[in-house]
Structure formats: C-alpha cells, structure tokens
Amino acid sequence: MVKFLINRPIAVIMSFLALIFLGILTIFKIPVSLMPDIDIPEITVQIKYPSAPARTLESSIVTPIRRQLLQVGHLKDIESETRDGYALIRMKYLHGTDIEYAYIECNEKIDQALNENNLPRDMDRPRVIKASATDIPVFNLLITRKSDWQDENRFMQLSDFVRSVIIKRIEQLPEVAMVDITGYTMPGLDIRPDFEKLQSLGLTENDILNAIERNNLTIGSLMVREGYYQYHINFANYLRNVEDIGNIYLGRPDHLMQLKDLADLKIVPQDRRGLFLNRNKNGLCLSVIKQSDERMADLKKELKGLVEYYRTTYPGMDFEIEKDQTKLLEYSIGNLRQSLLFGATLAILVMFLFLKDFRSPVLIAFTIPVSLVISFLFFYLLHISINIISLSGLILAVGMMIDNSIIVIDNINQYRDQGETLNRACVLGTNEVIRPLISSALTTCAVFVPLVFLSGLAGALFFDQAVAVSTGLFVSFAVSVTLLPMLFRLFYFKKPTAGSHRFLARINRVDYEKGYNQSFNHVFRYRRIYSIAFLAAIPLAVWLFHTLKIRSFPEMQQTESVAVLDWNEPVHVTENARRVRELTAAIPDTLLQYSSEVGEQQFFLNRRAEQTASEAEIYLRTQNPASVERIQNSIKAYLGQHYPMATVSFYPPENIFEALFSEDLPPLLARISSTVQTGQPSLQEFNRLLDSISREKDIEFTSVPVQDQIVIEVDPEKLLLYQVDFSTLYNQLQTAFNQRPMGVLKSYQQYIPIILGNVKRPVAEVINRMKVSNRQGQKIPVASMVRLNRAQQYKSIRANRHGEFVPLELNTSGNSIPGLMGQLNRVIKQFPDLEISYDGTWFRNSDLIRQLAFVLGISVLLLFFILAAQFESFIQPLIVLLEIPIDFAGALFLLWIFGGSVNVMSAIGIIVMSGIIINDSILKIDTINRARREGAPLLEAIHIGGRRRLKPIIMTSLTTILALLPFLFFKGLGAELQKPLALTVIGGMTIGTLVSLYFIPLAYWAIYRRIA
C-alpha cells in the first residue's frame, strides 16, 4: 500500500488537501464553550407557604411530596431542608439520566401528591427547577444610583423603571433567553384605620375588609347575540388606584362614609425581606441568561453596546458588569490554545537536536497542523465542541502525533543509511513500523475504553478527552503512513546543501550511541543492583499513594470567593445590611469588586435554599489567589472579635465549572436521627450529645444553627370565658403586626397588595395595649388571654429518604476519619434513643478510587490481550507490563513535589500514561525479536534493539513531555484542571524512558537466557 501511494503523489496530496479544506471550514462551525455539553443531573423543588411554621410545613406538605418523589426513576439521592414558610427538596440523579424526562416525571409526581394528600388550597404549586448549564448567568448587570438613596420611595421608582424599561430592552436581544432580577422593591397599598372613628360608627376592620372585597370582584365575561353578530361583554373592575379605594362607601344605611375619611391610604414600599448591595450601595442585580444555541462572544458584544447607550442616556445611574463568564471562557480557551502552540513548538525544536537535517523536523512539523485540522473535521462529525476538556485532549495527542512521525522518519533514515534507494527506504521503513504503530495506537486507546465504567461526572466528562486523543492519534497514524512517506520522497529528491550539513553536523556532534553503549554495559555489569533499584520504585509508589491527599477533583486557584454569613441572631434585614457594610469596610486588602445579597433574594431561577433575614452572601473579587486567603482570614478574625455567634463559610462563585465539580458536602458529615420518633431528636437531647462529643479528645465540629422564637400561647379556657373567637384574635394580631392582607389592587400593569396595618411597636407593647371585641362587642385585653414566651428550635429541618436528621459537620484536619467515626460510635452508644450515619466526600472519594483501580485493572488486562496478539507470546507482554508499576513511582513523586493530590484527573493521567509509556517498550522488543530472527545472539540482539530505538525513544518521550509542559506554568481553569494529569504523565514518562532503555533489556535478558 505504501509503494502504491508513493508512486501517486498528486492523488495523495489532493485527497489530503480536500480533508484540510473541509477541516478548516468546520473550525468556524464547531461551537466554543467552557465545558462539554453535560446535563447536570439535579432537580430542585421549591415549596413556599409563608403562613406555615417549619414543623407544620414539614409534616403536612414536604413529607408527602418527598415520599412521592422517591418513586421517580434513576434517583440517586434526595434531601429536603425546611424552614418557616419555605422548603427546598434537592434530587440528584445518576449521570446519564435524561434530565428532560426526569423533569416531566417529577412534575407528575408533585401533581399526584397535591391531589392525593389534600394539601392546603391556598398554597402555591411547588416550583420545579432543573439544573442546567444554560441557566447559569453569563454575567450580572448591577444597577445603582450615583448618589446612594436612603429614600425607599425613590428606590421603588427606580425598581419600577428597571423592570419595565431596562429588562424589556435587554430581553429583546436575540442572544438573551431571559433576565433574572433581585433587589427590587414592590409597592403596596397601606391602609391605616382611624380606630376612634370606626368605633364611633360601630365598625371594625372586618367591615373595611368586606367593603373592599365587595368592590374588588373579578367577574367573567358574558356572550350575547345581537342580530347576526355575537359579542363578548366584559365587566370592568373600577378599582384601579388609591383614589378608587378611597371612594368606597361603608357604614350604616343612615350614615355612609367613604373609606378615605376613615383611614389613611398610601402607596408605600412593601417591607423588604432582602437587599442587594453593590459596593455597599443599595442596588439591583440583573442576571443575564443566554439562549442555549448562541455564542457568548456575540451576547457580550451586543450587551456591551447596550450598556454604553444606557450610561450615556441615564447619566445618574451606574452600570457595572459582575461575574463575567465570557472572560472565564476567553481566558481558559486562550491559555489552552497557547499551551497547544507552545508545546508543539518545544517538541519540534527538540527534533533538531536528534535528526540529521532541517528537512525532517520541518516535515514532521508540517504533519502536526495537518493532523489537527483533520481532527477538527471529526470533531464536527461527532458533535464535539471546542472546550477545555477536548482541547486538553488534543494537547495530550500532539506529543503522540509527533511520535508517529518520528518513528516513521527515523526508520526510513536507518534504511537509507544501510544503502537502500530513496523509494525503497520509504517503502521498507514505513511497512516495518506499521504493525507496531497500530499496536501502539490500540494500546493507547485501550486505556480509554474502560473509563466508560466510571460512574458519575468523571465518566461523562472524560468522553470528550477520550474522543480527542483517539481521533488525533488515528488521524496522525493515517498521516504518518500515507502522506509522510510520499512527502519524504519529494523532500529528499534533491540532496541538501553543504551549508545545512555543516550546521546540523555541529548540532549533532554529541555521540548519543556511544554514551548509551557505555551506560548499557555499566547497567549490565551491575545488573542486580540496578534491578533492585528499579523494583524498589514499586514500594515507593505505594508509600506515596498513602501519603498524598485524596480528592474528587483538583483544587483550583481562585481570585474570587463568596462568603456565606449567618449571624445566628434574629436580626432584621436592615441590621443585617448594616453589619455587612461594616464588615466589607473593615477588609484590609483592595477589592476589585464586591457585592452582597442580604436576606431573601428574588431570583426566579434560584436552586439554592432561600436565605433568611439573618443570612447574607458577599461576593469578593481580588487581584490574585493570595489575596483571597488573606481576605478570608480577616473576615474570620473580624467576626470572631465583633460577632462571635456568627458563622461564615467560603465557596467559589457559581459558574459552569463549579456547577459540575463543586462538592456540597464536607469531608465527614454525621447524621443524627431519633429511633423513638419520626421527627428530629429534641434540641435538649441533641445538646446533651454535643456535650459528650466535646469532651472527647481531638473532636471538633461546627455548631448546628438554631434560632430564637417568640411564642404566643393562647389560653383556650380564657377564650371561652371571654367569648372571643380565635379567628378574631388572629386577625387582630395580623393587623397589629402589619401582616393582614386584604386583596390585590389591579393597577394596570401592576398588582399591588392591599395591607391593613397599624403603627409599628415592639411585640410586648402590642400585646399589652391591644384589645379585641368579643361576641357581645365588649373590648377584652389580649394580654389576659395569651402568654408571651421565648423558645429555641432548629433553624431548619433536614430529611432524606430515611427520614429526618440533624447534620453535624466534623473537622477532619489532622485527624483520621475512621478514627473519628470510631469515637463518635462509642459516644452514641450512651444515647439509646439516637442513631448515627455518615456521609461526606471521604466516602465518595474512596468509592471513586476503587472504581479507578478497577478501570486500571481492566486497562492492563486489555493491554495484555493486545500485546499477546502482537508478539504471539504470553511472556513478552508481561515484560512490557512490568514497566507500569515502576512508572507509578515517577508519576506520584512529581505529584508529591508539586503538592498535588490523588484525584480523578491525576488517576486518569496514570491510566493514560500506562498506555503511552509502553509504546517505547513495544517498539524495542519488536526490534529485538527481528534481530533474533535474523540470527543475532540474545545479548547482541538486545544491544541492536537498544541502539536502533535509542533516538526514537528519547525523542518520543521528550515530545510528549514538552507538549504537556505548558500545563505546569499556564493559568486558567483548563490548565489547572489538566495539571494533575500532566504531572502524572510527565513523571511517569520520565522514569518510564529510563525503564525502556535499561530495565526492559534487563528483564528480557533475565527471562530469555534461561529459555534459550
């Protein structure tokens, strides 16, 4: 076949030109994204019922819904968190689940729960939100006034303007799917009755409520016929504004008065349960979400122009972009492209040190872009996007692309040195290495096949990298055995000039073979010592494995952080905001940007648990990762000094990378549940347990959040004695605390709630001053019928498929996790009414390591089958595979030097390295076998194989190492994600080169000298 192609250069060149042309066209059509298009297997269900306390909500609503959702298919885990008036159910599915069908099934189960369990009719239907990479905002647009307004009425006007003008204009952009918003203020109609006037007329608050309801009815339409025509008649509701409400008449038939004469009516901002602060100024946050099929760059360009227009048109307003995902994409993809170019350049430069002329390196360098461009054609056909995973796979493949070309050209040159003609050298040199190259390609790809057995994200994510490496490798193989020999013949048709020979003679003055012969003889002279030294690497690898930390995914350096605060005090949202302002003002480092979400937020696409009024999130962006750690430490120190009850935790900001890789569990989480009741353990019993745990040595834990509550206990006997209806008492309390809704004013485009309120006073003062009418119209003091108490309870109720529990997060730094669990198990035995179970990343990481060990075993078995088929021997594959455990030591040693960890990427790097490094040994043993078949004695055949494969082994190892070297120095998510993989491959290849040069010959000689 090679001879046929060499004699038809025009046909070969035209065929490859056609492939290159198609590849260039597809480059501009392949979508560019940060990560592969992977479904996030998670669905959340939000339940809101503002009037229900946490216990009532959990028992009567959340538990029936959770039991129904347990029946959905492919469910991996389910957990709920219930607070006063709000609950969140998180459902995690197995990776590979069709999330669209899961979303439909989840909605069906919720509808079934609503119909079968007689849930409250006045409760809004639970909202189901599926996790999607496309729902993560591309960036946030922050809007504030240049002068910070403290006037809530003016801020309400700004909120209305942004929602009705700014958002609608942004959503008109074709690249925008929707704009989510938080921080806005809604209007409400506040009615403050004059109770003296009402009493003089014999009226109560209920009369006002009934009058508004009578005049605020929503009436349907009628259809009437008039001759040949048919009309729909609509009844207009005339309550459109405050004036309409004020003109409502009420009173006795002989004395009617308008509502405006009996009460003060005013449009006011509703009480805010949350705020958004941009640089400590009250503002609004607009999260821009792009259409799934649009490019980020196009959206950024359009929105940038629109923001500039707004800045010019509205000079009194500030517009600032935050959490820009487009910069993350550009930075990560750009750095990977630089890594690809830099690594390929280094690899090409190395070839000038080993090859005999300029033309061979240039020829090899030409095959790299050809292979890459054709690989992009297969990307397009296989629907693979350009992302940090697929690009990293191409960078890994570049070194192997060069390897194929080096082996072919070096073999052709060896035949030329033996006196063969140019044509015959091209044919013989290429045909001789086709079989080992196929075997090498198969062994490299074989290590990727078992990775499909990896469960979870690791298996789903690695598909793009596996396709990229396999595609690049087989395209490179095709180019090396078809295009390369033909081009070699054309390039070397003329002899090189004398000047280039002299220059390259100086470059190749080093006699590599002489140095190798001396070292080879030295190793064989002291073969026992060197054999022990090589085999000692195996226990070293075992020690390093147990020394290194185990994580799921690599730890990324961040210049951004989110501080999640809980003051653990029943503070109002305004006090929360004041404390946040003080905290951010006390941070010593310079912040490039910061904003705060204080209390409840209004985002529609919010998959997290709703914040309470005493919680806040602060987004911080700094200049470098070192500043992030300093700021985190300063926040902890400030809170410890000023607010010791407060707790804080830090997380990276939300982006597609964090959505896929972030861990929502600590290393060890203890779940404490009751064995004698269906609910959580009582707070008193749980505190006794914590006291016992705190007395144990070396056990530290994070305190469980609790909250103080004011409990109004109604005495039913007093209600009967004074003939007071409970509903009357409840409505009166609602009015006193400005919580009594009276309907909705449909004012054109707005729906304004009507609230019957009173002057705000402390709770105790309200109870002591309030009187309520009984059935005879007598005024009875409320204080005589109720008792005011304070109580503590859990801030939230947590439950999973097994029931309710209390989570206890353990500090594992410096402690053995099995030892901690043993101590806790001994403590829990002292409490027969309690039981304990465990969860955390430690368990998941251990399971992942077991899966990776299983994958490695399958990979080695596949390699054995392939090598046995090639060598037609069961012994020679064992010689080759003996190299793998020795190379582990080099891979883990480099991880240890760079402070890395054993994670998915480093483990995959070890598996990939196992398939790459044995290629050198395969070619060497194949050459030794050829020499033995030609009649050479055993030791001489081993020496011949070593000399003939010296340069290819060194060059292929160096090119692969140098192609991955930029990962160690470039920044960005792509480089940092692939850094552990690069470290293990570089470390394994470094020691593996020495193993191929010296240990494999030793092992081959030790075995076959006895057989021979």
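**Close-up views of a predicted model**

**View 1. Strand E17 and its two partners.** Strand E17 (residues 593-599) is mostly covered, with seven of its seven residues buried (buried means under 20% relative accessible area, exposed over 50%, partly exposed in between; 1.4 Å probe, protein chains only). Helices (H or I, at least four residues) and strands (E, at least two) are DSSP runs, numbered from the N terminus. This is a predicted model, in which local features need pLDDT of at least 70 and side-chain atom pairs count only at pLDDT 80 or more, while totals for chains, interfaces and linings use all residues. Residues are numbered from 1 along each chain as its sequence is written, and side-chain values use heavy atoms, with hydrogens and water left out. Strand E13 (residues 274-278) runs antiparallel to E17 and is joined to E17 by five bridges; two strands pair if DSSP finds at least two bridges between them. Phe 276 has Glu 597 in E17 as its bridge partner. Six bridges link E17 to strand E18 (residues 615-621), also antiparallel, and Ser 595 stands opposite Tyr 619 in E18.

**View 2. The eight-stranded open sheet.** The strand order is E4-E1-E3-E2-E27-E28-E20-E29, with antiparallel pairing. Strand E4 (127-130) and strand E29 (834-839) are the edge strands, each pairing on one side only. From one strand to the next the twist averages 30°; axes are lines fitted to C-alpha atoms, for helices over the stretch in contact, and angles run from 0 to 180 degrees between N-to-C directions.

View 3. Strand E20 (residues 669-674) and strand E28 (residues 803-809) run antiparallel and are joined by four bridges. Ala 670 stands opposite Leu 808 in E28. Helix H4 (residues 99-116) packs on the sheet and touches strand E1 (42-48), strand E3 (86-93) and E4, contact meaning heavy atoms within 4.5 Å. The direction of H4 makes about 30° with that of E1. Helix H23 (residues 683-694) also packs on the sheet, touching E20, E28 and E29, and its direction makes about 30° with that of E28.

**View 4. Two loop residues with positive phi.** Most residues other than glycine have a negative phi. His 383, not a glycine, has a positive phi of about 60°. His 383 lies in the loop between helix H12 (359-381) and helix H13 (388-417) and counts as exposed at 72% relative accessibility. Glu 872, likewise not a glycine, has a positive phi of about 55°. Glu 872 is in the loop between helix H28 (841-871) and helix H29 (875-881), and counts as exposed at 70% relative accessibility.
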